Every structure is written in structure tokens, then in C-alpha cells.
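Have a go at each one before you read its solution.

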Amino acid sequence: MASELCKTISVARLEKHKNLFLNYRNLHHFPLELLKDEGLQYLERLYMKRNSLTTLPENLAQKLPNLVELRTTVSFVAYCCSAQCLQTCDLLS
């Protein structure tokens, strides 16, 4: 993972951010660093537009329990946006 992305995620974890912007990062895989430990449990909104993701992790709702909004561009999604986990799920093609 690029050092700039690691730094962004680390700062969000340390400062208990509720919003995290990872737009235009040229990501091909969902950054698993987001799902490690309990540091991002306060995250409510995750913005990941204009990346090259093809899937989202199955345990996303479990690892980010307060996530209510996910905005991402996903070509093929092996993920179901459950009403229990997300109030807004914006998966644009």
C-alpha cells in the first residue's frame, strides 16, 4: 500500500474520523488496512469514487459497524448493501 494512503488511514484511525475520503487513489483492491483492529469503528462515511475496485470485502459491515454511507465506483460488485449496515450505498458504474 502506498505510503500516502497508509498515512491517511493512520491519521483517520488515530483521530477517530467519521468521514474518510479515498477518491481518485487509483485503488485496484479495497485497502484491508481499513478493516484492521478497532481503530475505524467511528467511521460513518467512506468515499472511494473513481478507483478501479472490482469487489468489496464481505466483512465490511462487521469491521466498520457505524458505516452508514459508502460511495464508490465498482465495476463488478460481490457485495450486497444491506439496509442494516448502510443507509446510503452509491455504487456507480
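**Exercise 1.** Work out whether Glu33 and Arg13 are buried or exposed, and find what Glu33 forms with Arg13.

*Solution.* Start with accessibility: Glu33 and Arg13 are both buried (buried is under 20% relative accessible area, exposed over 50%, partly exposed in between, with a 1.4 Å probe and protein chains only). Next, look at the side chains: Glu33 makes a salt bridge with Arg13, with 3.3 Å between the closest N and O atoms. (A salt bridge puts a side-chain nitrogen of Lys or Arg within 4 Å of a carboxyl oxygen of Asp or Glu.) Then place the two: Arg13 sits in helix H1 (residues 3-14) and Glu33 in the loop between E1 and strand E2 (45-53), so this pair links distant parts of the chain, 20 residues apart. (Helices, H or I of at least four residues, and strands, E of at least two, are DSSP runs numbered from the N terminus.)

Two things to keep in mind: this is a predicted model, where local features need pLDDT of at least 70 and side-chain atom pairs count only at pLDDT 80 or more, while totals for chains, interfaces and linings use all residues. Residues are numbered from 1 along each chain as its sequence is written, and side-chain values use heavy atoms, with hydrogens and water left out.

**Exercise 2.** Trace the network of salt bridges that includes Lys18.

*Solution.* First, Lys18 and Glu44 meet in a salt bridge at 4.0 Å, N to O. Lys18 is in the loop between H1 and E1 and Glu44 in the loop between E1 and E2, so the pair ties together parts 26 residues apart in sequence. Second, Arg45 pairs with Glu69, their closest N and O atoms being 2.9 Å apart. Because Arg45 lies in strand E2 and Glu69 in strand E3, that bridge ties together parts 24 residues apart in sequence. As for burial, Glu69 is buried at 10%, whereas Arg45 is partly exposed at 27%. Put together, the network links Lys18, Glu44, Arg45, Glu69 and Arg71.

**Exercise 3.** Which residues does Asn66 touch, leaving out those up to four places away in sequence?

*Solution.* Asn66 is in the loop between helix H2 (60-63) and strand E3 (69-74). Its contacts (heavy atoms within 4.5 Å) are Gln41, Tyr42, Leu43 and Glu44. Zoom in on Gln41: its backbone oxygen is 2.5 Å from a polar side-chain atom of Asn66.

**Exercise 4.** Where does pLDDT stay under 50?

*Solution.* The chain's mean pLDDT (the predictor's confidence in each residue, from 0 to 100) is 81. The stretch you want is residues 76-84.

Methods
Polar contact = N/O pair within 3.5 Å; in protein donor to acceptor, adjacent residues only side chain to side chain.
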